[in-house]
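Good morning, colleagues. Please bring up the sequence and the model, and keep both in view while I speak.

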Amino acid sequence: MTQSAAATEVQATPIQNGRPGPSQRLVKLLGYWCLATLAISSARIWLPAATGLLETAWWTGGILLIGAALLDFLTGRRITDLEGERRLPGNLALGVRNCARLTLRNSGPRLLQLSVCDSVPQQLASTGLPRRAQLQPGQEVSIEYTLVPHRRGSANFGRIEILTDSPWGLWQTRAWLGQGQSVKVYPNFLGISSLQALSTEQTLRRLGLHQQQRRGEGMDFRQLREYRRGDSQRQVDWRASSRLRKLISREYQDERDQEILYMLDCGRRMRAKDGELSHFDHALNGLLLSAYVAIKQGDAVGLQAFAAGQDSSGGQLPPVKGESAINLLLNNVYDLHSGTGSADYSGAAQQLLSQHKRRSLVILITNLRDEDSEELLAAVRLLTRSHLVMVASLRETAVDHLVQQRIGDFAGAVDYAAARDFLHRRTRLLQQLQAHNVLVVDSRPESLHQALIEAYWCLKRSGRL
């Protein structure tokens with residue numbers, strides 16, 4: 001899926017005015033007027049002859065200030081000739097900087113001094129607001145600011161918020177322009193966007209993988225071609241060679257129309273943070289990139305998200321293929337989040353077996369612990385009866401850092417021993433999975449996409465899938 005070039009736009013709507021409030025300028029002037037009473041009190045002691053003149057000036061200044069404030073309030077309390085709209089990207093990608101634009105138009109007869117802000121949802125971090133702006137009559141101004149999403153799902157914007165100065169700057173009126181908007185925050189799909197124009201070989205190289213050349217060992221016939229040095233005798237089509245009086249080889253390609261089923265753990269362990277992203281977000285990024293490679297190979301990709309107590313309708317996608325498959329997958333997972341329940345491996349395995357009878361590659365993405373061994377092994381035994389199973393586990397990088405640090409005190413020694421024991425138990429569980437003919441991918445969260453694609457590609461090239 002590519003980021004939409006067309007931006008969503010909010011058309012001008014009637015402005016909503018709030019109550020005017022005193023500005024800092026008016027508060028300061030009133031403060032100075034009140035402080036002048038101290039000067040008059042001092043004058044009664046040190047300059048009694050000037051007291052009358054000072055009192056007259058004080059009352060005159062107060063009356064002028066109050067009159068000016070009242071007149072300024074009446075002329076600037078309402079704003080009726082200001083229009084505003086917001087332009088946003090068609091969709092946002094998690095953790096990627098985007099640009100939003102606010103456009104304000106002054107169709108009224110007077111100069112407007114504004115403080116501009118926006119109602120940005122909490123799941124987006126914004127910089128560049130609030131901003132001061134000055135609009136002459138008939139003038140239009142655009143204000144750009146940046147957005148960085150830190151949580152997926154629907155981001156709901158409110159109306160544009162402005163604070164307008166009265167003509168003399170003694171009052172400020174809060175007003176709201178435009179309409180609310182909603183934009184979807186997807187997983188980081190920009191990696192997919194950059195790969196769409198590339199061939200399979202270029203895609204693998206871009207992802208840091210190197211494809212080994214292999215001729216004539218696929219399962220699906222592709223075409224006939226002239227014999228090349230290195231072709232095996234099994235590839236030679238003797239009938240075509242006899243007819244054309246030169247050696248002709250059959251060229252094969254890897255099998256297509258196979259099914260890849262992702263089982264995504266939505267349990268509490270996937271909420272662990274690794275850098276700015278959670279393990280769940282890293283898992284989604286790895287899932288999407290590896291699914292995209294599989295879709296480009298002509299395979300169908302499906303999804304089953306699971307956790308204890310999760311609604312079975314969320315995060316479920318039957319195997320789909322073709323150009324629209326990655327868009328379907330993105331729209332299925334953009335608002336999917338990890339919960340506080342534990343992973344229900346057995347229930348997920350039974351559900352998958354009841355819905356998918358055809359032999360497929362099942363990729364279980366989770367964060368393994370040794371206490372999962374009994375339930376996980378039971379689920380794996382069920383799945384391997386009908387499917388080829390791969391378990392992809394995200395490593396806890398914090399634990400890896402613990403075993404790499406120097407031990408400086410007793411507390412450090414305890415942490416080191418606990419980390420070593422944790423990793424030992426985890427390694428033993430991975431070995432048990434391999435003993436049950438399960439493919440195992442053990443990867444750091446940020447490298448999961450490479451590990452999944454490499455494992456998928458090795459299976460594809462070996463003919464096991």
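**Contacts, helices and sheets**

In the protein chain, 75% of the contacts with a separation of 6 or more are between residues 24 or more positions apart; contact means heavy atoms within 4.5 Å. This is a predicted model, in which local features need pLDDT of at least 70 and side-chain atom pairs count only at pLDDT 80 or more, whereas totals for chains, interfaces and linings use all residues. Residues are numbered from 1 along each chain as its sequence is written, and side-chain values use heavy atoms, with hydrogens and water left out.

The protein chain holds 12 helices and 23 strands. Helices (H or I, at least four residues) and strands (E, at least two) are DSSP runs, numbered from the N terminus. Of its 465 residues, 45% count as buried. Buried means under 20% relative accessible area, exposed means over 50%, and partly exposed lies in between, with a 1.4 Å probe and protein chains only.

Let me turn to the helix pairs. Two packed helices are described by the angle between their axes and the distance between the axes. Here axes are lines fitted to C-alpha atoms, for helices over the stretch in contact, and angles run from 0 to 180 degrees between N-to-C directions.

How do helix 6 and helix 7 cross? The axes of helix 6 (residues 279-296) and helix 7 (residues 325-333) come within 10 Å and cross at roughly 165°. The two helices are therefore roughly antiparallel to each other; angles under 35 degrees count as roughly parallel, over 145 as roughly antiparallel, 65 to 115 as roughly perpendicular and the rest as oblique. Helix 6 passes helix 7 in a right-handed crossing. A crossing is right-handed if the near helix is turned clockwise from the far one by less than a right angle, and left-handed if anticlockwise.

On the side of helix 6, the residues that meet helix 7 are Leu 284, Leu 287, Leu 288, Ala 291, Tyr 292 and Ile 295. Helix 7 brings Ala 325, Ile 326, Leu 329, Leu 330 and Val 333 to this contact. By class, the contact of helix 6 with helix 7 has 11 nonpolar, no polar and no charged residues. Ala, Val, Leu, Ile, Met, Phe, Trp, Tyr, Cys and Pro count as nonpolar, Asp, Glu, Lys and Arg as charged, and the others, Gly among them, as polar.

The second pair is helix 8 (residues 345-355) and helix 9 (residues 373-384), whose axes come within 8 Å and cross at roughly 10°. Helix 8 and helix 9 are therefore roughly parallel to each other. Tyr 345, Ser 346, Ala 349, Gln 350, Leu 352 and Leu 353 of helix 8 meet Glu 375, Leu 376, Ala 379, Leu 382 and Leu 383 of helix 9. The residues of this contact divide into eight nonpolar, two polar and one charged.

I come now to the strands. Two strands pair if DSSP finds at least two bridges between them. An open sheet of five strands has the order 2-12-11-6-8, with antiparallel pairing. Its edges are strand 2 (16-22) and strand 8 (131-135), each of which pairs on one side only. From one strand to the next, the twist averages 25°. Strand 6 (residues 112-117) runs antiparallel to strand 8, and five bridges join them; Leu 114 has Ala 133 in strand 8 as its bridge partner.

Pro 130 lies in the loop between strand 7 (124-127) and strand 8.

Another open sheet has three strands in the order 4-13-10, and its pairing is mixed. Strand 4 (92-93) and strand 10 (153-157) are its edge strands. Strand 4 pairs with strand 13 (residues 181-186) in the parallel sense over two bridges, and Ala 93 stands opposite Tyr 186.

Strand 3 (residues 82-88) is mostly covered, with five of its seven residues buried. Six bridges join strand 3 to strand 5 (residues 98-106), and the two run antiparallel. Gly 84 has Leu 104 in strand 5 as its bridge partner.

Finally, which loop holds Arg 245? Arg 245 is in the loop between helix 5 (238-244) and strand 15 (248-253). Its phi is near 60°, a positive value in a residue other than glycine, and Arg 245 is exposed, with a relative accessible area of 80%.
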